[in-house]
Amino acid sequence: MNRSKIIFKNVSLGVLYKAINLIVVFTTIPLLLSYLEKEQYGVWVTIFSIVNIVFFVDAGIGNGLKTKLSEAISIKDNGLARTYISTAYIFISILAILLLIIGYTCITNIDFQNLFNTSISNQELKTVLLTILVMVVSSFVLSLFKPLYYATQQASKVELAMLIYQGLVLVGVYILLNYVTRNLLFVAIIYGSSNILVGLVFTLIFFKKHKEIQPRINHFQKERVKDLMGLSLAFFCIQLCMIVIFTTDNLIISNLIGPEDVTTYDIVYKLFQVVITISVIAQDPFWALYTDAYHKNEYQWIKQTLKRLNLLFVFFIGLISGLYFLSETIISFWIRKELNISKNLILFMSLFVIVRIYGVIYMNFLNSIGKVKLQMWLYVFGAILNIPLSIYFVEEWNFGSSGVILGTIVSVISL
């Protein structure tokens, strides 16, 4: 296996797809903001972050499949690979049904108008939430195509899928802006249906090319669930903690301050997410390669790779520093709306991205070889701190939305 060639191909293509993807996303956001206006945009971002929690509660099967499938492919055991894939799909389908039932129960019994601190009617919010929930749960099952491509050293295909998804969303939002009266439900349909379509197409393409490992019901083995969960139970716990640390910010801001501040927070986060995205592109191809090298006892290659990624981190620090000084100018040119962004929010967001990128260098390697127990306990500790700290910084220190990201920074540093 020529790992250098695989890395170069996946990273170069990944960078190309993601660069175009970012352009598409950055084009979509001001259009969506113009269509929904500030309050509804903030509510939509909050709804989207809540419902997308579904993708974090796959019991870690996605990460477990990525690791176990990489191992099976590394030893050329197609039968084992098919068993892992079949088991993962059936388990995730059952889990999706349970999530749909739980989600429906929660949505029908919560006063979201009060929770989101908005003037939008509770009935409209529930309709939007139920619609996007059904679509996200469907996408949840189809999203298993991602670990399939990662495990077969085709990380760039995942970036291509995301590019197509964002392209469909852009077209849909453009149509809404120019031809349809403002309506949150239509936005939910655009995002949800685009995700389902992309997941379905890329799944079919993968299994058309890899017929020898296509999932079959009779290849489901409940003991293989335990194999996956042996790694994935810890992954699952980590993912639950990540929900608290990374997906509750919008809800806290909306509830304590208002959805308009969610809009400002989201715009700043989207800008700095560019750097996180570049970091992910650079590191995603290494997961399957780490697994392969570890099982072949090629530790020197692993050490050299980690050293190179640490040198790359220095570049990211410079990139984030530049973005900090230019962020207000960039956002003003990009959004063309007055958002009144605080200096603290920009500073704390910069620090958050630096901490996040550095941690991913080592977590990616440890996850790839199944060494996740220490991470699990650190994430538990961080999750316990996150919400109380965020609320404290908002209410007691009067930091506004920047207090929420400060709470997240403290939680992530504890990891």
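**Salt bridges, cysteines and a pocket**

Guide: Let's start with Lys-270, which counts as partly exposed at 22% relative accessibility. Partly exposed means between the two cut-offs: buried is under 20% relative accessible area and exposed is over 50% (1.4 Å probe, protein chains only). This is a predicted model, where local features need pLDDT of at least 70, side-chain atom pairs count only at pLDDT 80 or more, and totals for chains, interfaces and linings use all residues. Residues are numbered from 1 along each chain as its sequence is written, and side-chain values use heavy atoms, with hydrogens and water left out.

Visitor: Which residue forms a salt bridge with Lys-270?

Guide: Asp-266 does, with the closest N and O atoms 2.8 Å apart. A salt bridge here is a side-chain nitrogen of Lys or Arg within 4 Å of a carboxyl oxygen of Asp or Glu.

Visitor: Where do Lys-270 and Asp-266 lie?

Guide: Both are in helix α11, residues 259–283. They sit four residues apart, about one turn of the helix. Helices are DSSP runs (H or I, at least four residues), and strands are E runs of at least two, numbered from the N terminus.

Visitor: Is Asp-266 buried or exposed?

Guide: Buried, with a relative accessible area of 5%.

Visitor: How many salt bridges are there in the whole structure?

Guide: A search finds six. One of them joins Lys-296 to Asp-292, with the closest N and O atoms 3.2 Å apart. Lys-296 is partly exposed at 40% relative accessibility. Asp-292 is buried, at 4%.

Visitor: What about Glu-328 and Lys-343?

Guide: Their side chains meet in a salt bridge, 2.6 Å from N to O. This pair links distant parts of the chain: Glu-328 is in helix α13 (residues 299–335) and Lys-343 is in helix α14, 15 residues apart. Glu-328 is partly exposed at 37% relative accessibility. Lys-343 counts as exposed, at 54%.

Visitor: Staying with α14, where is Ser-368?

Guide: Ser-368 is in that helix, which covers residues 343–368. Ser-368 is buried, with a relative accessible area of 0%.

Visitor: What does Ser-368 touch?

Guide: Thr-67, Trp-287, Tyr-290 and Thr-291, leaving out residues up to four places away in sequence. Contact means heavy atoms within 4.5 Å.

Visitor: New topic, cysteines. How many disulfides?

Guide: The count is zero. A disulfide is a covalent bond between the sulfur atoms of two cysteines. The test used here is a pair of cysteine sulfur atoms within 2.5 Å.

Visitor: Pockets next. What is the volume of the second largest pocket?

Guide: About 410 Å³. A pocket is an open set of points on a 1 Å grid over the protein atoms alone, where a 1.4 Å probe fits, with protein on both sides within 12 Å along at least five of seven lines; lining residues have an atom within 4 Å of a point. Grid points are joined across faces, edges and corners, and the volume is the space filled by probe spheres set on the points.

Visitor: Which residues are closest to the centre of the second largest pocket?

Guide: Of the 16 lining residues, they are Ile-50, Ile-53, Ile-102, Gly-103 and Cys-106. The elements giving two or more residues to the lining are α1 (3–51), α3 (78–109), α4 (112–116) and α5 (122–142). The largest share, five residues, comes from α3.

Visitor: What is the lining of the second largest pocket by class?

Guide: It has 15 nonpolar residues, one polar and no charged. Ala, Val, Leu, Ile, Met, Phe, Trp, Tyr, Cys and Pro count as nonpolar, Asp, Glu, Lys and Arg as charged, and the others, Gly among them, as polar.

Visitor: Last one. Where is Lys-126, and what is Lys-126 in contact with?

Guide: Lys-126 is in helix α5. Leaving aside neighbours within four places in sequence, Lys-126 is in contact with Ile-107, Thr-108, Asn-109, Ile-110 and Phe-112. Lys-126 is buried, with a relative accessible area of 15%.
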